[in-house]
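Please open the structure in the viewer and keep the selection panel at hand.

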Amino acid sequence: MAKISALPVMTVSDGTETVPVVKGGRAAKVAFSALARLMVPFLANWYKGDRGDPGGDAGQVAPFTLAKTMSYKAGINRMRTTGRLVDGDGGGAMYDRWAGGALPSAGRDVWWFTATGDNSAWVLSPDQLFFASQFGATGGDAIDAGPILNAALNAPMVQTINLGPLTHFFSGQIIKPSGKALIGVSRSASWLKAIPAFVARQCVYTIDDVNGRFADFSLDVQRSGLGGTNAQRSSGLTIRAQNADGFGTIVERVDVYNATGYAHYDSADYGGSLATPRKLRGIVRRQCRAFNSQVGFESTGDTSIKTIDCDVEASTVTWDGGSLVPTEAMYHEYGPIAHVHRIRCRGYGQAGAGALPAVVDPFSLRRVTYDECDIEVTSGVPALVVNGQVINGVEYRVQNLQIINCRFVSANGGGTSLNGTTATIRGGTFIGGASASNGQGNGAGIDTSTNSVVDIYAAEVIGNADPAGGGAAYGVNAQGNAVVRLHGGRVTATGPANLAITLGGTITVVSPAVLTPQPSGSSATPVEKADYATSYVPARKNSEPTVERYVPLTEIATRDGNNRFILGLSIASGITFATALCPVNVLGSGRSFLVANSNGNNYLEMGGQGSGTAYFRAYEGNMQVGNAFAGSLHLCTGAVNRWTVTSAGHLNPFVDNVYSVGTAALRASVIYAGTSLINTSDEREKTWRGAMTDAERLAAKAIVAELGFYQWNESIIEKGEHDARFHFGARAQRVWSIMAEHGLVDPLDRDGRPGTTPYAFLCHDQWDDEYEDVMTERFGPPQADQAMEYVKTGERLVLAAGDRFGLREGQMTLFLLGALLG
């Protein structure tokens, strides 16, 4: 074939010259005018977006805006766009040819389109991750993302939509259907911003949701409705049970700004004409925040929810310099609450109340728990306000209020105000009138009033009044018919002379407390010395006060001729105290008990004739527990050996395949080993079923598509979003759901709990509340022939009830490999 470069070169173009071309492997000349008649229309159509027949394999064809103007051969069933508006703008997606019936008009040009070149229909392929930009929500205030995201979330192939690192402006409400997920990249990168309007709305909303999810974005309500009526307020992220019960919704790391209604709202419909009240169960909001909003976290109706590590900021200086939205309450619960559990939640700033569990209609709140929370208000109201109410002659209460190791502080009001409730306070700090010394206000530490029954265990309570003013300072105050019982702790009142009242009203002191000032005629038992109320006593395993009893030694001991104090009847049967460098011995039955100081080594030994010596020894900052001879060291509980450290140093369980290291609730952090783990896999111990079924193979492939990177929430808290490392794996609940979708296991129930499963790589553990006894030393002089007595004065929650999903990743990995390689 002749080279084109060897052919004559055209120098002018008047239409009569020829142009060298190659056709059928032969060089030829074509008149320029003829070539122009072919090329000009083609180039014009190309410019308009028609790239012609894509051929047998479409591959990447064009941005969406051009792809929908093309024509496609009959054999092409899948193609990929290169962007939404232009190549590489993040909106590229895979599409499958649609051969079914009519498609919904709301999804046209969002998740499906008709190619005008040949009138073929194309829908988004389900085999991909979905981002908002693929549907046309490419960010910026020129695009109303509301209708787009609603259509996208309703697309049948969509389970999860990622907002991407974009800011989306939207009108109306974004409504997430049940079971689906709306997520972002992070709170700093992914934003939803409401277009302000004077209309009531829940900006981001899910109704009757089952196992849905929101995560990793920020929502700015933009003060929509501010200055209007209450009916024109706008809330942030709402979970509602309206037509059916909802359960299992998870909200993680979602921040809400400038909500004129509720920033985070959980609501189950009840009352009125509703014959059957709705329920919300298993709702979790974790690491969420509210800024400059009327209410930070609101819960109402028959709801059972947890808010964990959440935060409300009610500063008088807004984060963006805009108008202040007055905060009515940081946390608020009302209606027939089943159980609202706030765990390690925080609130700070100026508000009408810090936490507000309150009766507002003829329904009692059944259970509200604040657990290790820290709430401080800088205004003249209590940090915790609890209100029951009598409505039409019927009393409605906050029936079971649990306050566990919390801190409630008010600058110019009471630390806590309790009315119409049955409450138990365990540990923690309650401070009223924290700014009273500046003349700004007075406040009781804990104030109780009508129809309240309150037990206070080992708390530190401080009430303050302006020393130069005329108001009284109350530590704990009982008004009206309130029943208050004090179980240890420390109560302090600071204020004008003769107006510092530690215990006001009728208060029963069940266990001794440290009272400052000590009230005259008080029923409190005076003590000579005590630690702070929340000190922990390892020997007693409680948080009651450590009380040192002062008893004259001469009342319980005698001195012998060698100037030694002796407890008991004689040296042979009692305990001998000696000088600091002389051992202390208990003699009898050939056994000895030795406490000594030798060459700087303090040690305690127990042993005797021919038995060897067991010892607890402290030296040079080290602690030893062991056996001086060649025997093993046994760890036992309940008089049963559990673990053994052999004389060769190996740690063995005492019986085979019984004891675990850690539990689902109390896990070990890291196990370091020089070689990999060995799981015994003896064929003789197995009953073999055989290869995977088709359903198992399909489920495994779906699980592969679920795999992704994640960060541990605790690492984000500790290190921050940028420093917390990424791990790779799966989410146990999603794996369980995928297996259920393929008919292999029972689905998760309405409380988010799993049913039965024959697959050992799917794990779920749950546990109940665990308490330990609070023991307090009996006061008073020792009784003859009696040991020191400890009495149970209460219980302390050491582990809250919960559950946790897990995966045996080794087995699951083989399951996935079996599907991919089989």
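Begin by selecting Asp311 and Arg346, which form a salt bridge with their closest N and O atoms 3.0 Å apart; the term denotes a side-chain nitrogen of Lys or Arg within 4 Å of a carboxyl oxygen of Asp or Glu. Asp311 belongs to strand 24 (residues 311-314) and Arg346 to strand 27 (residues 346-349), so the contact ties together parts that are 35 residues apart in sequence. Strands (E, at least two residues) are DSSP runs, numbered from the N terminus. Asp311 is buried at a relative accessible area of 15%, whereas Arg346, at 33%, is partly exposed. Here buried means under 20% relative accessible area, exposed over 50%, and partly exposed in between (1.4 Å probe, protein chains only).

The model is predicted: local features need pLDDT of at least 70, side-chain atom pairs count only at pLDDT 80 or more, and totals for chains, interfaces and linings use all residues. Residues are numbered from 1 along each chain as its sequence is written, and side-chain values use heavy atoms, leaving out hydrogens and water.

Next, select Arg289 and Asp255, whose side chains meet in a salt bridge (2.6 Å, N to O). Because Arg289 lies in strand 21 (residues 289-291) and Asp255 in strand 18 (residues 250-257), this pair ties together parts 34 residues apart in sequence. Which of the two is buried, and which partly exposed? Asp255 is buried, at 0% relative accessibility; Arg289 is partly exposed, at 30%.

Finally, display Asp266 with Arg285, a salt bridge whose closest N and O atoms are 3.0 Å apart.

Note on methods
Helix = DSSP H or I, 4+ residues; strand = E, 2+ residues; numbered from the N terminus.
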